[in-house]
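Here is a walk through one protein model, taken a few residues at a time. Keep the structure open and follow along.

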Amino acid sequence: MRSLELLAPAKNLECGMAAIDHGADAVYIGALHYGARAAVGNSVDDIRHLCRYAHRFGARVYVTVNTIVYDHELDDIQHLLEQLVDAAVDAVLVQDMAVMQMARRLGLAVHASTQTDNRLPGKVQWLKKQGFARVVLARELSAAEISAIHLQDPEMELEVFVHGALCVSYSGVCYASQYCFGRSANRGECAQFCRMKFDLVDADGQPVDWRQRYYLSLKDLNQSNHLAELIEAGATSFKIEGRLKDVTYVKNVTAAYSERLNQYIAGHPDEYRRASRGHCTYTFKPDLRKTFNRGYTTYFLSGRQPDIVSLDTPKAMGEFVGTVKEMRGPSFTVAGVASFCNGDGLCFINDQRELEGFRVNRVEGNRLFPQKMPAGLRTGLRLYRNNDQVMERLLSKPSSVRKIPVSMSLHATDDGFKLCMDTVAVAIKAEHQQARQDPRENIMRQLTKLGDTPYECSHVDLPADFNYFIPSSLLAEARREACARLLQASEAVVPDAKQFIEGQTAVPSYPLSYLYNVSNRQARQFYEQQGMTVDNAFEVHEPAERLVMQCRHCLRYTMGFCVKHGGKKPVWKEPLSLRLGDGRSFRLQFDCKHCQMNIYADA
């Protein structure tokens, strides 16, 4: 039977605990440094607290240590990893091979971050031979490609992204932010170059399109209706993006995917199970339309799709709620079935193809009164809600309870009684007094008062001839002790670190050796021991040939000019370039052999 893991993001301790409460089997969180999200970090004490809480439910905590590191940071990394061992984390996500070696020598399980650019079967096989317990696959892979990797080695754990923001470049092969702003994506400081507006021009500098557009800004990923394909392809962990997102996002998205996973498992009970324990009861109905999104896509799950990019805006659109029916003075009516609330945030794409948003001040049925009437609003426009006040209020309160079913039994012993709760037993020292009336009802009531513990009683076993009086205070004391022992046992889970294997197999080759992202002496020695000479990382020494992005997203295909996929023959003079408002230009190379688009920074 295969375990399926729902993996949720945690910006902080609050988000991590909320993810567990709403159905996550694991969470990933960053420490104060080296976690690929420089804007958020957490103390080791908070991570330790989260581990104890997660382990109650058999859930796991993975810590992101997935930036590249410099020589002067190696001692700090060593100290951090030692602290994470003490905090009982279940694994660390790693990009830098020096960090991988240090972690493995401490007995930590290591997962290969998506930053190690994991798109080919050979790369995944190589990573396994270096001692990685799991590989986080590139977001760009199709179900068929995931299946090919799984069939190569069915025992290797494969983690796939299922929801959230998409990076347009293969992860780990994006240097645009470093080149333009001195902020390295490999160091967790991405400046969101791909969400910027560009002109698209031909080889003579003439515009291919008449206006600036967001050519590299992708829609958000949503595989909620396609978990079956990913499971059957061999994925075991399903990752929600969002370590910068707030707790309401974590609650809603985690709950939605947890329900979908449970539905699939219910249809295949002999093949799959959840990777953690407990079931959740929600005070709200999970709805992915009501959470931050730029419009949704399944990306390359079933091959190339024509509508994966959000050309008009990099901002959240939200859910479609209707069209503008009629405008009158300071108000307008909406044609649709959605209901609205004071404070809702609405938006639309105006006639200049720009996103325009506003706040609803008052609602009278389907007539809305904005705080200020938007200048670009007109009849017929499609309206979207990117802030739902009703949902926000529900999620701002406690919105889920997670409980683990336990069975109990009570039996007489020579010197009293024994209460068993799952795997623990507690002795009750008391005389064997025959009860004057049937004691069962009181015993059941006392034993099942599990209150705010993580447990709920599914069954109490009492012998058919049990007729002893036991004071309620003794029953309550035994129940509390049994719960405490169960909690202590669960929180003391020791991570299952696999044996450290020193890899000596051939390293998959890159056409440009700075793409190995080697930024310290230990990582360089790692490759040298395998017979390779590699260049310094882009962040250490800017190369002469500046490949700043490598993308599966292709503008030729998006615009209908990919002959390979049945499109029209291009009418422009190549090479095309993307040009920022400040004049900086980035040349596009269409690598049709590998079906990808390379982006180079011009001198």
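Start at Asp 117, which sits in the loop between S5 and H5. The model is a predicted one. Is Asp 117 buried or exposed? Asp 117 counts as buried, because its relative accessibility is 5% and the limit for buried is under 20%. Its backbone also deserves a look. Phi of Asp 117 is positive, about 60°, although the residue is not a glycine.

Now find Arg 119. This residue lies in the loop between strand S5 (110-112) and helix H5 (121-129). Arg 119 has a relative accessibility of 16% and therefore counts as buried. Which residue does Asp 117 pair with in a salt bridge? The partner is Arg 119, and the closest N and O atoms are 2.8 Å apart. Both residues of this pair are buried. The two side chains are also joined by a polar contact of 2.8 Å. Arg 119 has another side-chain partner to look for. Its side chain makes a polar contact of 2.6 Å with the side chain of Gln 550.

Why can such pairs form? Side chains of opposite charge can pair when their charged atoms come close. How many salt bridges does the structure hold? The count is 37.

Take Lys 573 next. Lys 573 forms a salt bridge with Asp 204, with 3.6 Å between the closest N and O atoms. This pair links distant parts of the chain, 369 residues apart. Lys 573 is in the loop between helix H14 (555-558) and strand S28 (577-579). Asp 204 is in the loop between strand S9 (199-201) and strand S10 (220-222).

Which residue does a cis peptide bond join to Pro 575? That residue is Glu 574, and omega is about 10°.

Another salt bridge joins Arg 362 and Glu 364, whose closest N and O atoms are 3.2 Å apart. Arg 362 has a relative accessibility of 37%, so Arg 362 counts as partly exposed. Glu 364, at 43%, is likewise partly exposed. Salt bridges can also share partners, and one network built this way joins Glu 5, Arg 134, Glu 157, Glu 159 and Lys 239.

Which residues form a negative surface patch? They are Glu 229, Glu 232, Asp 270 and Glu 271. Pick out Asp 270 from this group. Asp 270 lies in the loop between helix H9 (247-267) and strand S12 (272-274). Its relative accessible area is 71%, so Asp 270 is exposed. A residue needs over 30% relative accessible area and no salt bridge to be part of a patch.

Next, go back to the backbone, this time at Gln 192. Phi of Gln 192 is near 60°, a positive value in a residue other than glycine. Gln 192 is placed in the loop between helix H7 (176-181) and S9. Is Gln 192 buried or partly exposed? Gln 192 is partly exposed, because its relative accessible area is 38%.

Asn 517 is buried, because its relative accessible area is 5%. What does the side chain of Asn 517 reach at 3.0 Å? It reaches the backbone oxygen of Gly 172. A polar contact of 2.7 Å also joins the side chains of Asn 517 and Tyr 175.

Finish at Ala 39, in the loop between strand S2 (26-30) and helix H2 (44-56). At 70% relative accessibility, Ala 39 counts as exposed, since exposed means over 50%. How many residues separate Ala 39 and Leu 244 in sequence? The separation is 205 residues. In space, Ala 39 and Leu 244 are 7.8 Å apart, C-alpha to C-alpha.

Definitions and conventions. Residues numbered from 1 in each chain as written. Predicted model: local features only at pLDDT ≥ 70, side-chain atom pairs only at ≥ 80, totals over all residues. Heavy atoms only, no water. Patch = residues over 30% accessible without salt bridge, like charges linked within 9 Å, V, L, I, M, F, W, Y side chains within 5 Å. Areas by Shrake-Rupley, 256 points an atom, 1.4 Å probe, with all protein chains shown as cover. Salt bridge = Lys/Arg side-chain N within 4 Å of Asp/Glu carboxyl O. Lys, Arg positive; Asp, Glu negative; His and termini not counted. Charge placed at Lys NZ, Arg CZ, Asp CG, Glu CD. Helix = DSSP H or I, 4+ residues; strand = E, 2+ residues; numbered from the N terminus. Buried < 20%, exposed > 50% of the residue type's maximum accessible area, 1.4 Å probe, protein only. Polar contact = N/O pair within 3.5 Å; in protein donor to acceptor, adjacent residues only side chain to side chain.
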